[in-house]
Structures are given as structure tokens and as C-alpha cells.
Amino acid sequence: MNVYIIGAGASGLTSAIILARRGFKVHVIEQNKKVGKKLLLTGNGRCNYWNEDQSLEKYHSNNIDMVKIILSKSKDLVLPFFDSIGIVPKIINGYYYPFTNQAISVVNALFNTAKNLNVNFIYEEKVKDIVCSSNFTIITDKNSYKAEAVILATGSKAMPKTGSDGNGYELAKKLGYNITKIYPSLVPIIGESKYLKDLEGVRSNVILNLIVDDNLVKQEMGEVQFTNLGISGICSFNLSGEVNQYLNEKKKVEIGINLVPWFKQDKKALIKYLDEAEERLINYSLSNILEGFLNYKIVNVILKILNIDTNTKWENVIKEKVVNLLLDFRIKISGTKDYDYSQVCRGGISLKEINPETMESRKIKNLYIVGELLDVDGDCGGYNLGFAWMSGLIAGESVSKEK
Ligand SMILES: Cc1cc2nc3c(=O)[nH]c(=O)nc-3n(C[C@H](O)[C@H](O)[C@H](O)COP(=O)(O)OP(=O)(O)OC[C@H]3O[C@@H](n4cnc5c(N)ncnc54)[C@H](O)[C@@H]3O)c2cc1C
């Protein structure tokens, strides 16, 4: 039986290896000149390929129960698979990277394994259509191919310059699949505050509170990076999918930044700390005290907003106002950057369209769908590649078991 895989990214390469190991003739059609272009960019070039915390809350989908089935079926297969392609991990707080710290090691391991198993790579051809009758005819911009089974692994439309330009959704639509609403996710957030310019470039450890129609809906902790447009960094990325979803529902979206996360939301403790600091630090102004634990640009903005002079002492300000601002620096959110900047997409082909035990389409026999093309995305931390490997492994195993 010959199997065609469309897309030589994380999920497609995984399926290719599993199938070739089972003796199948595997062809991979890739529109780029090489495999794994997006993979090379992952984890800032280090490829955070897995996370040992595989809680369901790390994943997002309109059909999270299906994700649960996929996880339970495949999460134990991923690390043995990496071992089998020769990747030695470096594990930092449960986050997996290749020991070399280089994404290219993962790309080369996948490619060399596939090559050694005689996987046939067809480069620089873009699949334009898939016609299904008793078998499949795959039509590219240059050729057409006959296949007995097809695995659709074209990725999402996040960072299209890597090749995942969203055409997979079009292919899927032509085949009759339902696609849920797509949003950029894991992407910088855009805010409306005249003080952002003053804060540009500041990095600070914070708690981010996502507030929708005045209700707290999600919280993330970590290092935020202020930009002239808004906020960036992992903790803000992890809110960006929700930001887009709520804005699309025409809700009021704000982010309340707790600039002093070690005080949690405890106003009294913060006031007590500042009272004691004033006693201890003779002749210090409020600005001097705040600069002991906050970036000076943040301090300047706090003073500016509250109209406090740099020499003013803590005992002479309205304490409640200072503390409220430190615990809840509010930014109205107007959107996020677009797909060119997003690491993943929220949404995709509905999981209702596939059997999560096999990744086979419920509509078309012998057609499998894997990876980010599906309506699953994860938090930063190895979850998106995690889903790509897991779904790729299940599809590879299922095709080989079926035939
Ligand atoms: C900058 C960046 C950093 C990231 N870092 C991490 C990280 O550290 N950890 C993590 O878990 N996730 C990370 N991700 C997300 C992760 O890379 C993706 O979720 C994952 O690569 C998706 O795998 P995939 O196989 O579904 O699609 P892709 O890896 O995107 O592969 C799809 C392939 O299909 C090809 N293709 C598309 N359409 C066609 C067609 N019609 N014909 C032929 N070929 C086609 C594309 O050229 C592409 O090569 C990051 C993403 C980005 C952009």
C-alpha cells in the first residue's frame, strides 16, 4: 500500500517514520525545498519539543474530550519515539529540549531516520486538490499522484513564511470538513494605553489577569515584555488565544498587570512593606523605594499616572491609589498581532470530524488528519509540538494496523 503524507513538518515526519518502519511505501509532499522549516524556529531555535506535565488544561479545543482521548492514547509514546530517533533530551523544569540545544538536531534526526527508511520526499510541490473515489488522486501544481491512504499534515496558518500558509484549511473545506473559527494564538497582545511607549523594552516578572467584562477569567504568571504596542512574552502569549476569542464575541477585554506578584493581591501586606521601607530607608522618596524592586521606567509611569513628584515621600501620597496601581495596572486590549507573528492558531478542523483513536476522518475512509491543522492548540512549553508528535504517531500506527 502506498501512503502519501502532505506536509513535512513535525506531525507529517512522525507519521512517515512510523509507517516506513512498518514496511509501507511512504511519500511525503512538501511545498518547501526542505523539511521542518517551522521546526527550526521552535523554542528560539532550541526546540522545546515536549513537556512532562501533560495536563489537559494545557490544551485548548472546542472538543476537549477528544483531546483527552488522544492524550491518553499517545502521550507515553512520544519519549520512546524520540529515543528511537536518537535524540538525547535536556530537561529543564519538565521542559524537554534536545541535549544539543539546537532545533536542527531534531529536524536532522527526523529527516535522517525517514531517509534511512526510504521515505520518498517530493519537494517544491504544493498540493492543490485531493480527489477521492475508491482511491485518492493528489493533484499538485506540477504532478498528480495516486494514493491508497493520505495523511493531511499541512499545519495551520501561523507564521505562513514557514510554509504553513493556511491552504490546508482550503483543502479540507473542499473535502467537506468543518473548520472552527481560527485566531492567531501565542502572539503579542496589543493594548490601548498612552503609557506603553514609556514602558517599551521593559521586562518584568508579573501576574497577568485577563479580565473580560469586568470578570477575572484567566491568570498567568511570568516575565512580561512591554512593547510600544502592548505586551509580549510567554505569559502574555498564553492569554492571546482567549483575547482574540473574547474580542470576537465583542466583549470588553482588559489585562490587569500585578507588578508586584510576590504580594499576590494582598494590599495590606504591600502597604505594610512600604510603611516599613520608609522607616528603614532614611530620606528615601516613594520613587527611591519603588526603584528597589521595580524597573525605573515602571516607577516613572506610576508617578506620572498618579501625578506624584519624584521627591514625594510615601507618607505624603494616597497610599490606596499607589497600591491599587501596583497590583492592577490596567490596559484595555484591542487585539493581538496577526498570523505573521503567531506561533500557532487557535481553531482548525473540528475534532468531531475525526476518530480520536485513529486520527482517521469520519467522512472519508483512509484519510487521516494530524497536527495543528486540527482544532487543538496548546500553551507555550512544548504542547503544540507535543500534539503534532502524538497525532502523527497515532495516525502512523493506525494506518499500519488497518492494512
Ligand atoms: C516561532 C515559533 C516557535 C515555536 N516554538 C514552539 C516550541 O518551542 N514548542 C512547541 O511545542 N511548539 C512550538 N511552536 C509551534 C509548533 O512549531 C507547531 O505547532 C508545529 O510545528 C505544528 O506541526 P505541524 O506538523 O502540524 O505543521 P508544520 O510544522 O507547520 O508543518 C506543515 C508543513 O506542511 C507544508 N505544507 C502546507 N501546505 C502544503 C501543501 N498544500 N502542499 C505541500 N506542503 C504543504 C508546510 O510547508 C509545512 O512544512 C512554535 C511555532 C513558531 C512559529
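Let me start where helix α10 meets helix α11, in what is a predicted model: on the α10 side the residues are I302, I305 and L306, and these meet K321, V322 and L325 in α11. Sorted by class, the residues of this contact come out as 5 nonpolar, no polar and 1 charged.

Two packed helices are described by the angle between their axes and the distance between the axes. For α10, which covers residues 296-306, and α11, which covers residues 319-327, the angle is about 135 degrees and the axes lie 11 Å apart. An angle over 145 degrees would count as roughly antiparallel, and α10 and α11 are therefore oblique to each other. As for handedness, α10 passes α11 in a right-handed crossing.

Now to a second pair of helices, α2 and α4. Here the axes of α2 and of α4, the helix of residues 103-116, come within 8 Å and cross at roughly 150 degrees, and that makes α2 roughly antiparallel to α4. The crossing in which α2 passes α4 is right-handed. From α2 the contact takes L39, L40, T42, G43 and G45, while α4 brings A103, I104, V106 and V107; by class, the residues of this contact divide into 6 nonpolar, 3 polar and no charged.

Helix α2 also takes us to the ligand. How many residues surround the ligand, and which are the closest? There are 42 of them, and the closest are G7, G9, G155, G163 and G371. The elements that give two or more residues to this shell are α1 (10-21), β2 (25-30), α2 (37-45), α5 (167-174) and α12 (383-402). It is α2 that gives the most, with 6 residues. In terms of class, the shell around the ligand holds 16 nonpolar, 21 polar and 5 charged residues.

Finally, let me turn to a sheet. Strands of a sheet pair through backbone hydrogen bonds, either parallel or antiparallel. In this case 3 strands form an open sheet in the order β8-β9-β10, and the pairing is antiparallel. From one strand to the next, the twist averages 20 degrees. Looking at one pairing in detail, β8 and β9, the strand of residues 136-140, pair in the antiparallel sense over 5 bridges, and V127 stands opposite T140 in β9.

Definitions and conventions: Residues are numbered from 1 along each chain as its sequence is written. This is a predicted model: local features need pLDDT of at least 70, side-chain atom pairs count only at pLDDT 80 or more; totals for chains, interfaces and linings use all residues. A residue is near a molecule or strand if its C-beta atom, placed from the backbone, lies within 6 Å of it. Helices (H or I, at least four residues) and strands (E, at least two) are DSSP runs, numbered from the N terminus. Ala, Val, Leu, Ile, Met, Phe, Trp, Tyr, Cys and Pro count as nonpolar, Asp, Glu, Lys and Arg as charged, and the others, Gly among them, as polar. Two strands pair if DSSP finds at least two bridges between them. Axes are lines fitted to C-alpha atoms, for helices over the stretch in contact, and angles run from 0 to 180 degrees between N-to-C directions. Angles under 35 degrees count as roughly parallel, over 145 as roughly antiparallel, 65 to 115 as roughly perpendicular and the rest as oblique. A crossing is left-handed if the near helix is turned anticlockwise from the far one by less than a right angle, and right-handed if clockwise. Two residues are in contact if their C-beta atoms, placed from the backbone, lie within 7 Å.
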